Every structure is written in C-alpha cells, then in structure tokens.
Amino acid sequence: MFLGTAGSMPTAQRAPAALLVRRGGERLLFDCAEGTQRQLLRSSVGLVELREVFVTHFHADHVLGLPGMFKTFALRGRELPLEVYGPRGLVDLLGSLKRVVGKLTYELRLHELAPGDVLERDGYRLATFAVAHGVSALGWSLIESTRPGRFDVEAADALGVPDGPARGVLQRGEAVTLPDGLTVTADQVLGPPRSGRKLVITGDTAPAEGIVESAWGADVLVTEATFSEEERGRAHETMHQTAAQAADVARRANVGLLALTHLSNRYFGPEIAREAREIFAETVVPRDFDVIDMPFAERGSPHLVKGGALHRREPEAVSSAPE
Ligand SMILES: [Zn+2]
Ligand SMILES: [Zn+2]
C-alpha cells in the first residue's frame with residue numbers, strides 16, 4: 001500500500017515516502033515520512049497499532065513522521081512495545097528525537113542492522129541488502145518460505161487415507177501409518193513444492209549491481225525513480241536513479257512487476273512510466289493510496305489496484321494466514 005510516493009518533499013498530490021506491507025494479519029511499515037499518520041488515517045487501514053517499523057535510511061523525507069506517530073501512540077495510552085529496525089545510526093537518531101517525543105507509555109525497541117542481516121519470521125524472512133545512496137542505508141526483501149505442494153485428494157483416496165487428522169499430517173510434510181499398517185509418505189499425496197512470494201524494497205538508491213542480485217526473481221520490485229533521463233546528471237550527483245536506470249535494474253533482475261516511487265516534484269507519473277516501459281514493460285508508477293496485490297503465482301500475477309487503499313475500511317482483525 002503506497003502511502004507516500006513523492007521524493008524529497010510533498011506535493012499536493014503526493015506525500016513523501018511510506019509503504020505499508022500487509023501480509024495475512026501483519027502490517028509492516030517501511031519508512032515513515034512527515035504526514036504518514038494522516039495518510040494512514042485517510043487509508044482503509046487507519047492508524048493501527050503498528051508493531052514494527054522498518055527504516056531504509058535517515059534522510060528527512062523518510063523519517064520525519066516517526067516522532068509524531070510515536071507521540072500519538074503515547075497519547076492513546078499504548079502499552080504494546082514498538083519495534084523499529086533500521087541501519088546503523090538508528091539509536092543515535094532516536095536519541096536526538098527524545099526531546100521532541102517526550103515520555104512514552106510503551107517501550108520503543110531499536111534494532112540496528114547491517115546490510116546482509118536477516119530477520120527470520122514465521123513463514124518468511126526479511127533480508128537486508130546494501131544500496132548505493134551515499135549514507136547508512138538498507139534495502140529490504142521479504143522472502144516467503146517454500147510452501148508444500150498441492151494436496152492430491154484423489155491420490156489420498158486411492159491410498160485409503162481417511163478424512164481428518166491424517167490428511168493434515170501429510171499436508172505438513174510428515175508420514176502417517178494407517179490402521180492397516182500401511183505407511184503413506186507426504187510425497188505420495190503432495191504435488192511439487194510451491195515457491196513463496198518475494199517483495200523487494202530498495203528505498204533511495206543509485207543503480208547498483210548488488211541490487212540486481214538482491215532483487216533477482218522478485219515478484220515485485222519497489223524502487224525509486226526520482227528523475228527521468230533528461231536529469232541523469234543530477235540523479236548521479238545526488239545518488240538517485242532515473243526511470244530508465246530503474247527499469248534496467250528490473251529487466252536484469254528478471255522481476256515480475258516494477259513499481260516506481262519517490263518521484264521528484266517536477267514529474268506527474270506518466271512520463272516516468274513511459275520512459276521505464278521502453279526498457280521494462282511491466283512497470284507501474286503508483287499514486288498515493290494505490291495498492292499492489294501480490295497473489296501466489298498459481299493464482300495470478302501482481303497487479304496495481306488504483307486507489308485500492310481508499311474508501312472501504314477493512315475489518316480490524318484479518319487473519320487470513322497465507323496457505
Ligand atoms: Zn528520499
Ligand atoms: Zn535519501
């Protein structure tokens with residue numbers, strides 16, 4: 001969910017960087033620019049009690065929303081700890097914000113990571129990687145674990161596996177012994193393992209070989225296109241990239257869908273999309289409150305849902321754990 005798609009400063013249409021990843025019942029916020037709380041309030045999600053915030057780097061257009069959001073959570077009497085992950089320098093930054101934020105009602109847990117560090121999660125991992133922005137920074141990739149293959153009901157019937165718990169055991173990849181003494185193994189009733197999804201978020205960066213590697217085969221790559229080719233020199237000086245350069249990274253990394261964000265205020269979107277699509281056709285340039293749906297591969301391809309985060313408010317407790 002794109003909460004902010006502008007680079008460096010807000011425009012009337014676009015807020016600066018913030019991206020919410022929804023996976024099952026989880027809400028992971030990547031970057032928190034000025035105004036992010038209000039963007040959340042305007043969205044279908046609302047300003048929920050986020051458990052985790054991930055920061056790509058400490059430029060103002062990525063972190064100025066943190067103190068305000070911390071404060072709002074405290075005013076609401078939050079008790080749940082808030083985990084903040086970011087590159088080296090996170091503790092220092094939050095230390096200097098202390099005077100602004102004041103006393104909190106909950107614990108702020110800070111985690112400084114170095115490129116290459118990995119957070120292991122239930123069903124996925126969050127891997128960090130180096131980007132090229134001239135400052136302490138992290139790219140993030142969310143990589144789901146491989147899922148067991150599809151359960152073959154006919155095969156199970158033929159082998160005489162009864163309905164009920166025995167099938168659940170097989171679905172988890174374990175063997176079962178039937179009352180008649182026959183042992184059935186998981187590979188007899190499961191199809192080939194199915195790959196999980198991969199989402200890569202670079203934050204601000206110049207083009208870099210390491211990003212091609214980290215983004216390899218991603219279903220969705222969210223990266224920046226601050227400029228177009230006519231400002232390639234400026235992109236180089238400021239360690240950002242052009243739409244064409246971002247598209248070239250996507251093409252070489254063989255990604256499914258490229259989403260370009262962090263647009264300089266002189267661009268409206270269509271010109272950035274046109275430039276990128278000449279090199280990589282599967283490119284979208286989301287606006288604030290657009291959503292990218294990322295189904296499992298067997299159910300379709302990732303696609304942009306315009307305004308998908310506006311209007312209807314989703315039920316608070318969504319627990320559709322991915323299968
Ligand atoms: Zn930025
Ligand atoms: Zn930056």
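Predicted model: local features only at pLDDT ≥ 70, side-chain atom pairs only at ≥ 80, totals over all residues.

Biologist: Let's start with S13. Which of its residues are on each face?
Modeller: Val220, Val222 and Glu224 are on one side, with Leu221 and Thr223 on the other, and all of these are buried.

Biologist: What does S13 pair with, and how many bridges are there?
Modeller: Strand S12 (residues 198-201) runs parallel to S13 and is joined to it by three bridges. The chain gets from S12 to S13 through H8, in a right-handed β-α-β crossover. S13 also pairs with S14, again in the parallel sense, over five bridges.

Biologist: Which residues line up with Val220?
Modeller: Leu199 stands opposite Val220, and in S14 its bridge partner is Leu257.

Biologist: Switching to H10: is this helix enclosed or open?
Modeller: Helix H10 (residues 243-252) is largely enclosed by the rest of the structure, because seven of its ten residues are buried. Among them are Gln245 and Val249.

Biologist: What covers those buried residues?
Modeller: The cover includes helix H8 (209-214), strand S13 (220-224), strand S14 (257-261), helix H11 (270-277) and strand S15 (283-284).

Biologist: And which residue just after H10 has a positive phi?
Modeller: That is Asn254, with a phi of about 55 degrees.

Biologist: Last one, Ala235. Is this residue buried or exposed?
Modeller: Ala235, in helix H9 (residues 232-237), is buried, with 24 other C-beta atoms within 10 Å.

Biologist: What does Ala235 touch, leaving out residues up to four places away in sequence?
Modeller: Ala235 touches Thr226, Phe227, His240, Gln241 and Thr242.

Key: Residues numbered from 1 in each chain as written. Chains lettered and ligands numbered in written order. Buried ≥ 20, exposed ≤ 12 C-beta atoms within 10 Å, placed from the backbone. Helix = DSSP H or I, 4+ residues; strand = E, 2+ residues; numbered from the N terminus. Contact = placed C-beta atoms within 7 Å. Pairing = 2+ DSSP bridges. Right-handed = clockwise from strand over helix to strand, strands pointing away.
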